[in-house]
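These are my notebook entries on a structure that I opened for the first time. I set down what I looked up, entry by entry.

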Amino acid sequence: MNDAKALPPLIIDYRGERLAGVDEVGRGPLVGPVVAAAVILEPTDPIAGLTDSKKLTARRREALDAEIRERALAWSVAEASADEIDTLNIYHATHLAMRRAIDALSPAAEYLLVDGNRLPGHHVPGQAVVKGDARHASIAAASILAKVARDAGMQTLDARHPDYGFARHKGYPTREHLAALERLGPLPEHRRSFAPVKRQLALS
């Protein structure tokens, strides 16, 4: 976790072994679910190289993803669908995905470290950690699992709809994606409440 050197020390109000890091991926894309992960690392078996998933190559993320799944004390990946995002809004849907990931942990978490500045409204106590994926290994591990899972979903969507370029832009509103949206129209997986998609639906 070398990236954390410029940040203030992280003081954690918990001393046990069932501390879960929680993070999400996919708030910004125009398509697909928001994906969250929760990870309880084995305290006696640290995994080298954990950091913010965005700072790793796809190959390194996938290698670490496999290592986390094999060596963590517990891990889970959950999502909130595009429909749930449209119904709840992205903020509440993100927290729903996080709560689902926390609930799926076995053994259950006793304390949460959640990336960002808000807790997701779960009964397990914890703290929100700004830039947490660069400050604590368990949050970094969660960011890696969530990123690899969501990217895999975009690869699957790309195979079904190759003209949209999902394997390249992962659903984010790039120039390529916006041009495809204008040319081909929204898919059922698009988030209808997001402005570029809403505009295309109004035109069709």
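**Entry 1: Glu70 and a distance**

I began with Glu70, which I found in helix α1. The model is a predicted one, and I read each entry with that in mind. I then looked up the separation of Glu70 from Leu203, a residue 133 places away along the chain. The C-alpha atoms of Glu70 and Leu203 are 48 Å apart.

**Entry 2: Helix α1 against α4**

I stayed with α1, which covers residues 58–71, and looked up its packing with α4. Two packed helices are described by the angle between their axes and the distance between those axes. For α1 and α4 I noted an angle of about 115° and axes 9 Å apart. I recorded the crossing of these two helices as left-handed. Which residues make the contact? On the α1 side I listed Arg61, Glu62, Leu64, Asp65, Ile68 and Arg69. On the α4 side I listed Ala141, Ile144, Leu145, Lys147, Val148 and Asp151. Sorted by class, the contact of α1 with α4 has six nonpolar and six charged residues, and no polar ones.

**Entry 3: Ser53**

I next located Ser53 in the loop between β2 (34–40) and α1. Ser53 has a relative accessible area of 3% and is therefore buried, since the limit is under 20%. What does Ser53 touch, leaving aside residues up to four places away in sequence? I found Arg61, Ser143, Ile144 and Lys147. Among these, Arg61 belongs to the α1 side of the helix contact, and Ile144 and Lys147 belong to the α4 side.

**Entry 4: Backbone exceptions**

Most residues other than glycine have a negative phi, and most peptide bonds are trans. I therefore looked for departures from this pattern.

- The peptide bond from Ser106 to Pro107 is cis, and I noted an omega near 5°. Pro107 sits in the loop between α3 (90–103) and β4 (111–115).
- Lys131, not a glycine, has a positive phi of about 55°. I placed Lys131 in the loop between β5 (126–129) and α4. Lys131 is exposed, with a relative accessible area of 52%.
- Lys170, also not a glycine, has a positive phi of about 60°. I placed Lys170 in the loop between α5 (166–169) and α6 (175–184). Lys170 counts as buried, at 17% relative accessibility.

**Entry 5: The largest pocket**

I turned to empty space, which is shown by rolling a probe the size of a water molecule over the atoms. The largest pocket holds about 270 Å³ of space. I counted 16 residues in the lining of this pocket, and the closest to its centre are Leu41, Glu42, Pro43, His136 and Ser138. By class, I recorded nine nonpolar, three polar and four charged residues in this lining.

**Entry 6: The second largest pocket**

For the second largest pocket I noted a volume of about 230 Å³. Its lining has 14 residues, and those nearest its centre are Glu24, Val25, Gly26, Lys54 and Tyr172. Which elements give two or more residues to this lining? I found β1 (19–25) and α4 (137–160). Strand β1 gives the most, with three residues. By class, the lining of the second largest pocket has two nonpolar, four polar and eight charged residues.

Technical notes
Residues are numbered from 1 along each chain as its sequence is written. This is a predicted model: local features need pLDDT of at least 70, side-chain atom pairs count only at pLDDT 80 or more; totals for chains, interfaces and linings use all residues. Side-chain values use heavy atoms; hydrogens and water are left out. On a 1 Å grid over the protein atoms alone, a cavity is a set of points where a 1.4 Å probe fits but cannot get out, and a pocket is an open set with protein on both sides within 12 Å along at least five of seven lines; lining residues have an atom within 4 Å of a point. Grid points are joined across faces, edges and corners, and a volume is the space filled by probe spheres set on the points. Ala, Val, Leu, Ile, Met, Phe, Trp, Tyr, Cys and Pro count as nonpolar, Asp, Glu, Lys and Arg as charged, and the others, Gly among them, as polar. Helices (H or I, at least four residues) and strands (E, at least two) are DSSP runs, numbered from the N terminus. Axes are lines fitted to C-alpha atoms, for helices over the stretch in contact, and angles run from 0 to 180 degrees between N-to-C directions. A crossing is left-handed if the near helix is turned anticlockwise from the far one by less than a right angle, and right-handed if clockwise. Contact means heavy atoms within 4.5 Å. Buried means under 20% relative accessible area, exposed over 50%, partly exposed in between (1.4 Å probe, protein chains only).
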